[in-house]
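Q: I have a model open beside its sequence, and I would like to learn how to read its packing step by step. Could you take me through it?

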Amino acid sequence: MQAKEIKDKLKSLIEQASSIDPNLARRLDEINRWVKNIKPGSLTAKPFVLAFLLEVITDSTIWLIIKSSPSQEEQKAKFEEMTPIERYWYGYLFPKWINANDSKFYIWKQKLMAGEFNQGDDDIIRNIAQDVVQREGSFWQRYIADLSMATDLIVSSRNNQPLCIQVTSVSEELNQQKYQAWQNTLRSWEIERGLFLSYNPKDTNFVNQLVNVALYNSDYLSGGKYLKFS
């Protein structure tokens with residue numbers, strides 16, 4: 001989808017959402033005001049902004065299809081067609097974001113637009129995701145989850161219980177501060193359990209270890225637990 005098409009689609013979704021989910025319409029209008037004065041050529045030069053807009057368009061389109069179902073039974077049937085992680089995103093976290101006062105949204109919109117979005121752990125997270133899939137697990141990634149909910153990946157294993165995961169390589173000195181901030185963020189979004197994975201890049205086997213911990217805890221970590229593993 002080209003930059004102009006994305007801007008046109010945003011406007012179309014705002015109009016559609018205004019009668020189905022006014023809170024989503026307000027959120028999309030906020031995003032639209034953020035990008036409306038940027039020329040398509042300039043927007044194309046901002047890949048992270050485009051990627052975020054495409055995600056929001058995809059998620060909003062799916063959410064409006066669900067919300068416009070004529071009955072609760074049909075809405076439930078649409079959720080049942082999804083994977084457990086999709087159900088967790090569209091049935092819980094995405095609507096929470098639509099309706100919440102996201103205190104981080106203003107900050108990370110600025111960072112995305114300025115090209116200051118830092119994906120230092122991106123290769124590691126991609127390797128973890130690939131390993132999860134090879135072991136017949138599943139994963140989900142979203143800018144909203146990453147930047148507002150301190151969640152790099154949502155992982156699900158055999159028991160189909162999605163688990164929010166943060167991955168970091170910060171030093172031990174800063175680790176505790178980041179862990180506490182992460183835990184506070186998850187609690188504020190009413191995410192019931194999470195895993196904070198700290199790794200040593202010099203350890204050649206750390207991806208395998210992180211995936212072991214992620215898949216095990218996806219199945220067995222109890223509610224109300226925010227586990228730190230390093």
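A: Let us begin with contact, which means heavy atoms within 4.5 Å. This is a predicted model, in which local features need pLDDT of at least 70 and side-chain atom pairs count only at pLDDT 80 or more, whereas totals for chains, interfaces and linings use all residues. Residues are numbered from 1 along each chain as its sequence is written, and side-chain values use heavy atoms, with hydrogens and water left out.

Q: With which residues is Trp97 in contact, leaving aside its neighbours within four places in sequence?

A: Trp97 is in contact with Arg27, Ile31, Asp102, Phe105, Ile144, Ser148, Met149 and Trp189. Trp97 itself belongs to helix α6, where helices (H or I, at least four residues) and strands (E, at least two) are DSSP runs numbered from the N terminus. The side chains of Trp97 and Asp102 are also joined by a polar contact of 2.8 Å; such a contact is a pair of N or O atoms within 3.5 Å, and within protein one must be able to donate a hydrogen and the other to accept it, while residues adjacent in sequence count only if both atoms are side-chain atoms.

Q: Why does Trp97 count as buried?

A: Buried means under 20% relative accessible area, exposed over 50%, and partly exposed in between (1.4 Å probe, protein chains only). Trp97 counts as buried because its relative accessibility is 0%.

Q: How many residues does the largest nonpolar core have?

A: In soluble globular proteins, nonpolar side chains tend to be buried together. A nonpolar core is a set of buried Ala, Val, Leu, Ile, Met, Phe, Trp, Tyr and Cys residues joined through side-chain atoms within 4.5 Å. Here the largest has 54 residues, and those with the most contacts inside it are Ile31, Trp34, Phe52, Leu53, Trp89, Trp97 and Ile144. Helix α4 gives the most to this core, with nine residues. Not counting residues up to four places away in sequence, Leu53 touches Ile6, Leu10, Ile31, Trp34, Val35 and Leu43. There is also a second, separate core of 21 residues, which includes Ile124, Ile165, Leu210 and Val213.

Q: At what angle do the axes of α2 and α7 cross?

A: Two packed helices are described by the angle between their axes and the distance between the axes. Axes are lines fitted to C-alpha atoms, for helices over the stretch in contact, and angles run from 0 to 180 degrees between N-to-C directions. The axes of α2 (residues 22-35) and α7 (residues 105-114) cross at roughly 35° and come within 12 Å. In this pairing, Arg27, Glu30, Ile31, Trp34 and Val35 of α2 meet Phe105, Lys109, Leu112 and Met113 of α7. For α4 and α5 (residues 72-80), the angle is about 140° and the axes are 8 Å apart.

Q: Is Asn217 buried or exposed?

A: Asn217 is buried, with a relative accessible area of 8%, and is found in helix α11 (residues 206-220). A polar atom of the Asn217 side chain lies 2.8 Å from the backbone oxygen of Val213.
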